[in-house]
Amino acid sequence: MAELCAVVGVGQTKHAACRADVSIAGLVREAVDRALADANITIADVDAIVIGKAPDSLEGVAMPELWLADALAAHGKPVFRVHTAGSVGGSTAIVAAQHVMAGIHGTVLTIGFEKQSDGNAMWALSVPIPFGMPVHAGAGGYFSPIVRGYIGRSGAPKHIGAMVAVKDRTNACKNPYAHLHEPDWTLEKALETPMLWDPIRFIETCPSSDGAMALVLMSEERADKHAGRKAWVHATAMRSEPTAFAGREQVSPVAGEMCAADLWRKAGIKNPAEEIDVVEMYVPFAWFEPMWLENLGFAPRNEGWRWVEDGITEMGGSLPINPSGGVLSSNPIGASGMLRFGEAAMQVMGKAGEHQIDGAKKAVGHAYGGGSQFFAMWLVSSTKP
Amino acid sequence: MALRDIAIVGTAQRPSEVNSTFTSVEILLPVIQQLLDKVGIERSDIGFWCHGSCDYMSGQPFSFVAAVDAIGAWPPIIESHVEADGAFALYEAWVKIQTGEVDVALVFSNGKSTSGPIDQILSLQTDPYMVAPLKPGFDALAALQARACLEAGVVTERQMAEVAARSRRDAHNNTIAFTKGNESVDDLLAMPYTLNPLRAHDCATPVDGCNAVVLAAGDVARRLAERPAWIRGIDHRIDTQRLGARSMIESSSAAIAAQKAGVAKDRIDVAELHAPYTHQELLLRNAMGLSESTHINPSGGALVANPAMAAGLARFAEAAESIFAGAADRVLAHCTSGPMLQQNLVCVMEGE
Amino acid sequence: MSEADGLVRLRQPIGVTYNWSAGPNATSHLAGLMNGKFVGKRCPSCALVYFPPRNGVCPKCAKILAGDVEVGPKGTITTFCIVNVPFLGQKIKLPYVAAQILLDGADISMQHLIQECEAEDVRIGMRVEPVWKDKSEWGPSLENIQHFRPTGEPDRVMGSESGAS
């Protein structure tokens, strides 16, 4: 039987298009220092470090955790690197938690980061493969046809994506760390933004950000002695499937459904929509909010868009999604998943400040990556399981 | 919490080649199938899959994603990937099994060291602001370390040549090995320097390769293998990368990892050390306190076949096989990562 | 080098050249393209036909694809995207339609360009055919096809394939 694990410290950077004021190491250290301060420990108290980021080509440093050992004061300690595409921030937090749950380390620091301004993300993510047909354009070009598939089969009206985007951008104004602070969006204005990858509009796409997130995790033994609010990890889940095969369901991938079902089972959740207070969901393109609502088992198939339209996912709704502003407002790729996991923890710790959902007891962090094929989730709570 | 007993119960490796025209999927699929057949299990018996590789080996972002095609990830599986040698993937799988969530894990790694200028590629691991723009070759960084060791009297050129001669000779017994030779120590010492004080035979042979191992817990392991290689201790540690900030004539991270893994508790029969340069084997032996009675790298080691990102897991496969065969009772497997032995992972395995 | 806010910024481009191999299992597919043919491969286990034969394996069955199967040349659009965003290295004039096309006889769609019609007229289920470049420009690549264009045939009713691979 695994041990319990709690989040005792959360720290993130101010996310921005270009954090020219810091190096990669400085960016990472900014998040780490805040997480350590939040946990009221020093880096000397950390037993092991688990670090994740998306493709190394984004900054042009191969396996940068090696070089970052200095910035992390990691000499003589274990440093472990995870890379699972866009879900990496989530799976890194899970791997870190497992070090605690397995009883191997008592205090683990975990970090997700990306400094996209140091490289060229559009290039780094679309290196043309010889002999193929280079017609797609970045992640938007990849996901747009899938969104079209969802709209077609669910009958969702065209404004749903813009509604999600306006909600997340509005929420982000309550999050001092968010990259985009754009308080003046209205649905009308949002619908006037150009189609970039039709049916995906400009407003419905995530920015490219520099940023980092760090969490301090502790075993039950240590967390019990630790003053301060905690987020107890009730369950973690991961699932993967191939990118493409004949007949693959891409709108609601089976791996996502299985990942969520596994999470609900492990955490003893019978009715997710009723029992979960807030969700930090990986929504890099606005239409993925209704798609994931269905995929994760919150809303019935083809009904997710109605939840958006009815305001259920707004901060005042019965299932608030992304009060932090989400990926649509800050997207340092390698950190984005951990931001979801960390923001979920902040909610149940009561540390989310202006974007706090009152009384949040159970929160879910969700991340996905690749061609909607890698999924990572955790469920955290203000009380022990 | 008491740790679970976990063992390697099967291994498979692809013979080394250079300038392979196969894709990573094409080489991984048969190796994984071979391993499943050997252990006598199906894909559905695997509770967790973990992969080690590095995008910079192939120059493609998300290069590991294609490997998901090779493992038959349908219905969806529980799987993870490390941007590191497969030995670190093995560590993650070991952690996963320790949580009690799964009992069987398959770990695999692949690396094509000959599809690009490996010496330049690996040096992209250095400080991107102050060091990488100077384009230090990876071999040249090792040569700096070798020079420091020679000057300090920690190693001699003769000892380095002895490591090379032994490795090249042992390689004859290993179908995976690429470089083989029967030269005497004096023959090797007569060879010209390539990067003074290193000679060609002091440096690892870059090859393309892949490998896989199955880990299992407790009774499942006993059922799957006649003589499982039980993991008695495993640990990894890192040093600073900064050239001027650490002693180049010792490896403190290897020493700590070895101590945590319990290397010194008893005699080690066989040690498979991932030492891409001859002087590094000598440094590692010192750091881990290995005695003369330990047989180092009977496989020939990384010097005779170094598929980057798979060479560390290959050490695990070789060490476990010596337990399976009854040739050894207590073995050590090691993996290094980063320039000049910056990061080290050490594992002690025993037969029952 | 640029100076702003009192900071000096340097751009340090890094270049590494790799040899890239398509792999032996892609040979018949690429050779087919050099002869103006679409050659896919069949999974020996589930019998589905892959075009292109991704890495030469069926990811679902983890089996090396076995027999060559000629597919197309006509196909049906399963879903599409109208691209309006400029990005580095893009060679195609905006806006353009990038569509998933299921070639007749294949079980997995591939991505290509749709031209010779207005972007807003493109729809799921539309029948399309390839327009090949001049033979002198052919190589082992899907780039041998300039684009796909509507055939004018009646649309095919798409079921579960819509939005799928």
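How many residues does the largest nonpolar core have, and which of them have the most contacts inside it? The views below are of a predicted model, in which local features need pLDDT of at least 70, side-chain atom pairs count only at pLDDT 80 or more, and totals for chains, interfaces and linings use all residues. Residues are numbered from 1 along each chain as its sequence is written, chains are lettered from A in the order in which they are written, and side-chain values use heavy atoms, without hydrogens and water.

**View 1. The largest nonpolar core.** This core has 225 residues, and those with the most contacts inside it are A:Leu68, A:Trp378, B:Leu90, B:Leu215, B:Phe316 and B:Met349. A nonpolar core is a set of buried Ala, Val, Leu, Ile, Met, Phe, Trp, Tyr and Cys residues joined through side-chain atoms within 4.5 Å; buried means under 20% relative accessible area (1.4 Å probe, protein chains only). Helix α12 of chain A (residues 333-349) gives the largest share, 10 residues; helices are DSSP runs of H or I, at least four residues, numbered from the N terminus.

**View 2. The interface of chains A and B.** Here 53 residues of chain B are in contact (heavy atoms within 4.5 Å) with 57 residues of chain A. Two salt bridges are counted between these chains, each a side-chain nitrogen of Lys or Arg within 4 Å of a carboxyl oxygen of Asp or Glu. A salt bridge joins the side chains of A:Asp70 and B:Arg242 (3.2 Å, N to O).

**View 3. Chain C.** One helix and 12 strands (DSSP runs of E, at least two residues) make up the elements of chain C. Of its 165 residues, 46% are buried.

Conventions
Buried < 20%, exposed > 50% of the residue type's maximum accessible area, 1.4 Å probe, protein only.
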